[in-house]
Amino acid sequence: MFFEYKLRVNSRDVDGHNHARPSAVLGLLQEAATLAAAELHVSHDETVEKYNAFWMLARVWYRLNRPLAFDETLTVRTWHRGGRGASMYRDFDLYVDGEQVGEAVSVWVLADMDSHKLLRFSVMEECREETAGGALCKSVQLSNLKLPDGLPVAERRTMRYSDTDINSHVNNARYADFVCDAIHLETAGEGKFVSSLQLCYHAECRPGEELLLSVGELNGGRCVAGKDGEDKLRFSALLTLKDLA
């Protein structure tokens, strides 16, 4: 069982190279996941009402064969792998004009509205195996990134109102902007495109908080760690660039 969503890459999504920004790609995936959840009757409001819980994205990864460009019509096909334990995987395939241009994998958790403690997916009957993707399910597993020690701080970033989402904390996609700014993608990306991005969300951030963004290299890509003033890791990321064909 899968959900399919078509959308146009608009002018707000692209950068000066006519490439969809990583935050825009994550935003498109997030929109597809939101609509797919509504199709399963586990939208934000329905989950709050029935389970007194809300969805949280724990980890996400995507890979592109080429950049997504302005005015292209993107088809996102998505499905979940079934709820196991305290987390659930959601997979994505991305198409333009019938050609697969990328894929993505995300890991979601359910948190209690009052205590913010994680709930086991056994409580959510809508995410049973019968509604999962079956043979479509990917084998990709997402673990937390192991970043090098002693990464140098590249910048400080204060969270603002404009970073927030429906849960009043920093939107998942906004962290991709933090990553791209920290590595100065406007220069690092000349003649290249972001072929993959992995983000791990360790603790939520709210307006008024400040993050120290440290930058380094890992597995042939650029890694970024976002820590608060008490040296607590809030997010980590790994971004890979490839030459344009």
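A cavity here is a set of points, on a 1 Å grid over the protein atoms alone, where a 1.4 Å probe fits but cannot get out. Grid points are joined across faces, edges and corners, and a volume is the space filled by probe spheres set on the points. Searching the whole structure this way turns up one cavity of 30 Å³ or more.

This is a predicted model, where local features need pLDDT of at least 70, side-chain atom pairs count only at pLDDT 80 or more, and totals for chains, interfaces and linings use all residues. Residues are numbered from 1 along each chain as its sequence is written, and side-chain values use heavy atoms, with hydrogens and water left out.

The largest cavity holds about 80 Å³ of space. Its lining (residues with an atom within 4 Å of a point) includes L26, L29, A33, W108 and Y201. α1 gives the largest share of that lining, four residues. Helices (H or I, at least four residues) and strands (E, at least two) are DSSP runs, numbered from the N terminus.

So what does α1 look like? It has 18 residues and reaches 26 Å from first C-alpha to last, and L26, L29 and A33 are among its buried residues (under 20% relative accessible area; exposed is over 50%, partly exposed in between; 1.4 Å probe, protein chains only).

Just after α1, H41 takes a positive phi. N219 has one too, and here are both residues:

| Residue | Phi | Relative accessible area |
|---|---|---|
| H41 | near 65° | 54%, exposed |
| N219 | near 50° | 71%, exposed |

N219 sits in the loop between β9 (210-218) and β10 (221-227).

Methods:
The expected span of a helix is 1.5 Å times one less than its number of residues. On a 1 Å grid over the protein atoms alone, a cavity is a set of points where a 1.4 Å probe fits but cannot get out, and a pocket is an open set with protein on both sides within 12 Å along at least five of seven lines; lining residues have an atom within 4 Å of a point.
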